[in-house]
Amino acid sequence: MMARIDKMFDVQREELMWGDRKLVLETGKVARQADGAVVATYGETSVLACVVGAKEPKAGIDFLPLTVNYQERAYAAGRIPGGYFKREGRPSEKETLVSRLIDRPIRPLFVEGWRNDTQVTVTVLTHDLENDPDIVAMVAASAALTLSGVPFMGPIGAARVGYINGGYKLNPLVTETKEESSLDLVVAGTQDAVLMVESEAKELSEDVMLGAVMFGHKHFQPVIEAIIRLAEKAAKEPRDFQAPENADVEKAVLDVCEAELRAAYTKTVKQERYAAVDEVKAKVMAALCAEGAEKFPAEKVKAAFKEAQSKVVRWNILDTGSRIDGRDVKTVRPILSEVGVLPRAHGSSLFTRGETQALVVATLGTGEDEQFIDALEGTYKERFLLHYNFPPYSVGETGRMGSPGRREIGHGKLAWRAIRPVLPPAHEFPYTIRVVSEITESNGSSSMASVCGGSLSLMDAGVPLRRPVAGIAMGLILEGERFAVLSDILGDEDHLGDMDFKVAGTDEGVTSLQMDIKIAGITEEIMRVALDQARDGRAHILGEMAKALTDARPELGEYAPRIETMQIPTDKIRDVIGTGGKVIREIVEKTGAKINIDDSGTVKIASADGKAIKAAYNWIRSIVAEPEVGVIYDGTIVKCMEFGAFVNFFGAKDGLVHISELAANRVAKVTDVVKEGDKVKVKFLGQDDRGKIRLSMKVVDQQTGEDISDKIKAQRDAERAERGDEPREPREGREGGRHRGERRREAGE
């Protein structure tokens, strides 16, 4: 059988010990019609990456048409998908985020001018629930691209870095990342430089973060070497592609427009600047592409004009240190922070930084509002949600409105990672928390505005954050040996620069770091400068935010739900829920409170009305607790019998008031004293030998609820003394726990 397989397939493999597990790269057996296909296996997690590049360029575009699709199959973890159709549907949030994670480091490495549709499809085949497939997927995609023959200047490597007990850990297991590590950092890059970083941290220092990046870069070098060895055995011939030569077009464009373009980029207002740039562009098109006197193709002129824009902006910054809006490289734009801007929201803020503005709203909910996440590792619940919306009006444009795209999901997750480390634990603050960031204006780093506004809105809602969080976006202009790191970049600086470097954190340390490089990579020196400069910028922003709010409000907002937590014995959970949920539904319907019970017996009762919480609390307590002998309770007559009345007095508990206990005087008929539905006050006397509950009304003042048993006894004793009666013997049947017959026998009667 093996001989037949060897003849059919030309299988090539590379193996190495990476960390403390084996990494295997294999090609030649699966998906042979793709330009490049690699199965990567790490531990027992396997991923298939396939690359196809179209044979002809796509007409009419001036960008790289690259698509990355990462997809998880439920069978990889031995599961069947939920839902009616029992098959995978639209991409999950994780699938979207990992697709972006793969795209970001590979996109800068395609040869300039490549316009052929290129698709990278990555499928998780098996998941051992220990090794996260995202790193394996990045490695597999890099290997498949390197083998495919498309003009990809890779390969890249990638690694996850944890920080456990003061030391770095390469590719920690899923459980280690969640339970032990104070850092979850993914880094990717080439042999020479870092291209991408994505991370979440528990207020770590800039030095620790930079150390983690360099640790990861060092330890994925063996993976790059393995991919190169595999390519030497199995790579396809490189495509016959030459990058277009546009030097003559670019020179012609600059000759026409350089002075006017420099003048346009001195306008500090975004819309005025865009209008001026459009006028310059129209002049260039008229000069070089006039009908009947076309000097160059229109597509080449448009591409050259974009290049001219980039050069003008970059030259100005490197030569003068002055940026588009007149700032120097370290200055942050003016900031205005406001809170409580929406009166009925639980918490709200309006964060404005220059021409970027975020309206952020925090909403508090109960356990019922937690999001169920259906992941390969299993279904779990998430109590913190952050959603980011980027409507087209925020940049003065029209556009599609619909479900969130990859950009919205990615930016929302970045802000989520930045804020989550400072949230209070669930046992201290038992709320589900949702933050929504509506970007109302955008000109640079709306994701970091979402972090700042999100922190303020949560504090406005009364969420006790450990510390306020702020974020800042840094840019880079790199020309040869010269470079400039820019604090708080504009949209144009992001688009025309070489780096988008976002850092969020508190005054104690970093909580999130994201970096995307648009060139072949940057050095450790540049990253250190960017981190130090970002720390100063973050401190400034935190100071501006403090002018609006320095800490969480001491109380929740007027319209926020209150949550009371109580613990009940686990063997009483069934009693509170009732058959088919009958009891808990009745409590919810009659009190108006929301109730959530988990398997440990923790009960969360929520309502904006304190009376509703108290009513539900007392009701549940009455189900799980036992009444105390001698205590007086409010009750309701539920049934009248000849021998007495049954009273509901302790939640669902009923007890009997014997006819002799209804009133101090003799009662001939129960209904002479009470009728069904009457509200009464009863004293719990205990239980008889059969466990039946005994109650008394006559020893309780029905107006005040006072225990009058002593008054009744004193009154009877006085009446006997007046008649000259001897003190009455104890009631027949007991004296000190003995029957009367026993006493007589002892006396010899």
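## Loop with a cis peptide bond

Pro-155 sits in the loop between helix 3 (133-148) and strand 7. The peptide bond from Gly-154 to Pro-155 is cis, with omega near 5 degrees. Helices here are DSSP runs of H or I with at least four residues, strands are runs of E with at least two, and both are numbered from the N terminus.

This is a predicted model: local features need pLDDT of at least 70, side-chain atom pairs count only at pLDDT 80 or more, and totals for chains, interfaces and linings use all residues. Residues are numbered from 1 along each chain as its sequence is written, and side-chain values use heavy atoms, with hydrogens and water left out.

## Other loop residues

Asn-165 lies in the loop between strand 7 and strand 8 (167-170). Asn-165 is exposed, because its relative accessible area is 81%; exposed means over 50%, buried under 20% and partly exposed in between, with a 1.4 Å probe and protein chains only. Asn-165 and Ile-522 are 357 residues apart in sequence. Their C-alpha atoms are 29 Å apart in space.

Most residues other than glycine have a negative phi, and most peptide bonds are trans. Lys-86 has a positive phi, near 55 degrees, and is not a glycine. Its loop runs between strand 5 (66-72) and helix 2. Asp-488 also is not a glycine, and its phi is positive at about 55 degrees. The loop of Asp-488 lies between strand 19 (482-487) and helix 12 (491-496). Asp-488 counts as buried, because its relative accessibility is 0%.

## Helix 7 against helix 9

Helix 7 (residues 247-264) and helix 9 (residues 298-320) have axes that come within 9 Å and cross at roughly 50 degrees. Axes are lines fitted to C-alpha atoms, for helices over the stretch in contact, and angles run from 0 to 180 degrees between N-to-C directions. The two helices are therefore oblique to each other. Angles under 35 degrees count as roughly parallel, over 145 as roughly antiparallel, 65 to 115 as roughly perpendicular and the rest as oblique.

Contact means heavy atoms within 4.5 Å. On helix 7, the residues that meet helix 9 include Val-253, Leu-254, Cys-257 and Leu-261. Among their partners in helix 9 are Phe-305, Val-312 and Trp-315. The contact of helix 7 with helix 9 holds eleven nonpolar, two polar and six charged residues. Ala, Val, Leu, Ile, Met, Phe, Trp, Tyr, Cys and Pro count as nonpolar, Asp, Glu, Lys and Arg as charged, and the others, Gly among them, as polar.

## Helix 2 against helix 10

Helix 2 (residues 93-106) and helix 10 (residues 406-419) have axes that come within 10 Å and cross at roughly 95 degrees. These helices are therefore roughly perpendicular to each other. Helix 2 contributes Glu-93, Thr-96, Leu-97, Ser-99 and Arg-100 to the contact. Helix 10 contributes Arg-406, Arg-407, Ile-409, Gly-410, His-411 and Lys-413. By class, the contact of helix 2 with helix 10 has two nonpolar, four polar and five charged residues.

Five strands form an open sheet in the order 11-12-13-17-16, with mixed pairing. Two strands pair if DSSP finds at least two bridges between them. Strand 11 (335-339) and strand 16 (384-389) are the edge strands, each pairing on one side only. From one strand to the next, the twist averages 15 degrees.

Strand 13 (residues 356-365) and strand 17 (residues 432-441) run antiparallel, joined by nine bridges. Leu-364 has Ile-433 of strand 17 as its bridge partner. Helix 11 (residues 446-460) lies across strands 11, 12, 13, 16 and 17, and runs at about 145 degrees to strand 12 (347-353).

Four bridges pair strand 23 with strand 24 (residues 602-607) in the antiparallel sense. Ile-595 stands opposite Ile-605 in strand 24.
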